[in-house]
Structures are given as C-alpha cells and as structure tokens.
Amino acid sequence: MDCEGCERRVRKSVEGMKGVTNVTVDPKQSKLTVEGFVQPNKVVQRVMHRTGKKAELWPYVPYEVVPHPYAPGAYDKKAPPGYVRNALADPLVAPLARASSFEVKYTSAFSDDNPNACTIM
C-alpha cells in the first residue's frame with residue numbers, strides 16, 4: 001500500500017462484510033487484519049475483487065507457535081521481528097518442520113514433563 005487512498009480502499013472493501021467486527025490496516029507491512037467470524041478465503045477474494053490488487057493470506061505466525069522455527073522453509077529473512085513462516089500450513093515444508101516419532105522419543109527421554117523419563121543424579 002503506497003498511499004492513504006490505497007489504505008482506505010482496502011479497509012472499505014471488507015468493512016461491510018457480514019461477520020466482520022474489526023478491521024486494522026498496517027501500511028508499512030502491507031497487512032490487513034480482519035477480526036470476526038469470516039472465512040479467510042472469502043476475505044482475500046473480496047479484497048482482490050474490490051481493489052483489483054493481488055492479495056494473499058499472511059504467511060507468518062509468532063515464533064513461539066512453531067515447534068521447529070528454524071526448520072528449512074520456516075525461517076524467512078523477510079519476516080517481521082518475532083515472526084516466522086507458518087511451515088506447518090505449507091504442504092511442501094510440513095514434513096521437514098515436524099519431528100519424527102524417533103526424534104520425539106529421544107528428546108522426551110529426559111523431559112521433566114515425562115513421568116517415565118530417565119533421571120540423572
């Protein structure tokens with residue numbers, strides 16, 4: 001979004017949708033945040049139709065949400081601070097971002113949350 005007119009146009013495109021309770025526009029990140037009970041794909045389609053611009057779902061999630069944030073495909077240098085790419089939603093990267101049962105078994109062997117864990121004294 002280059003100007004206030006673009007920002008206003010994007011905001012107006014989704015404000016009238018049924019189920020939308022709050023609309024926030026961040027022009028620096030070219031990000032539109034819609035709160036309420038609406039389907040994300042319908043919001044994207046409406047913005048594309050009303051503005052004539054390309055729109056896509058925000059690909060980043062907070063760092064704490066992803067189990068393996070530095071898995072190949074999850075770490076993105078373009079991401080804002082504190083965010084990584086949502087690797088679990090991407091079908092090409094998802095197998096790399098999930099731990100296998102073999103890895104889980106050995107990493108949880110010394111976990112405090114595991115009641116059958118080995119203890120070191």
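**Surroundings of T51 in the predicted model**

The T51 side chain lies 2.5 Å from the backbone oxygen of V47, a polar contact (a pair of N or O atoms within 3.5 Å; within protein, one must be able to donate a hydrogen and the other to accept it, and residues adjacent in sequence count only if both atoms are side-chain atoms). The structure is a predicted model, in which local features need pLDDT of at least 70 and side-chain atom pairs count only at pLDDT 80 or more, while totals for chains, interfaces and linings use all residues. Residues are numbered from 1 along each chain as its sequence is written, and side-chain values use heavy atoms, with hydrogens and water left out.

The side chain of T51 also reaches the backbone nitrogen of K53, at 3.3 Å. T51 belongs to helix 2, which spans residues 40-51. With a relative accessible area of 7%, T51 is buried (under 20% relative accessible area, 1.4 Å probe, protein chains only). When neighbours within four places in sequence are set aside, R9, V10 and S13 are in contact with T51 (heavy atoms within 4.5 Å).

In the protein there are 4 helices and 4 strands, taken as DSSP runs (helices H or I, at least four residues; strands E, at least two) and numbered from the N terminus. Their order from the N terminus is α-β-β-α-β-β-α-α. Of the 121 residues in the protein, 23% are buried. Among contacts between residues at least 6 apart in sequence, 30% join residues at least 24 apart. The accessible surface of the protein is about 9,400 Å², and carbon and sulfur atoms account for 54% of this surface.

Conventions:
Buried < 20%, exposed > 50% of the residue type's maximum accessible area, 1.4 Å probe, protein only. Areas by Shrake-Rupley, 256 points an atom, 1.4 Å probe, with all protein chains shown as cover.
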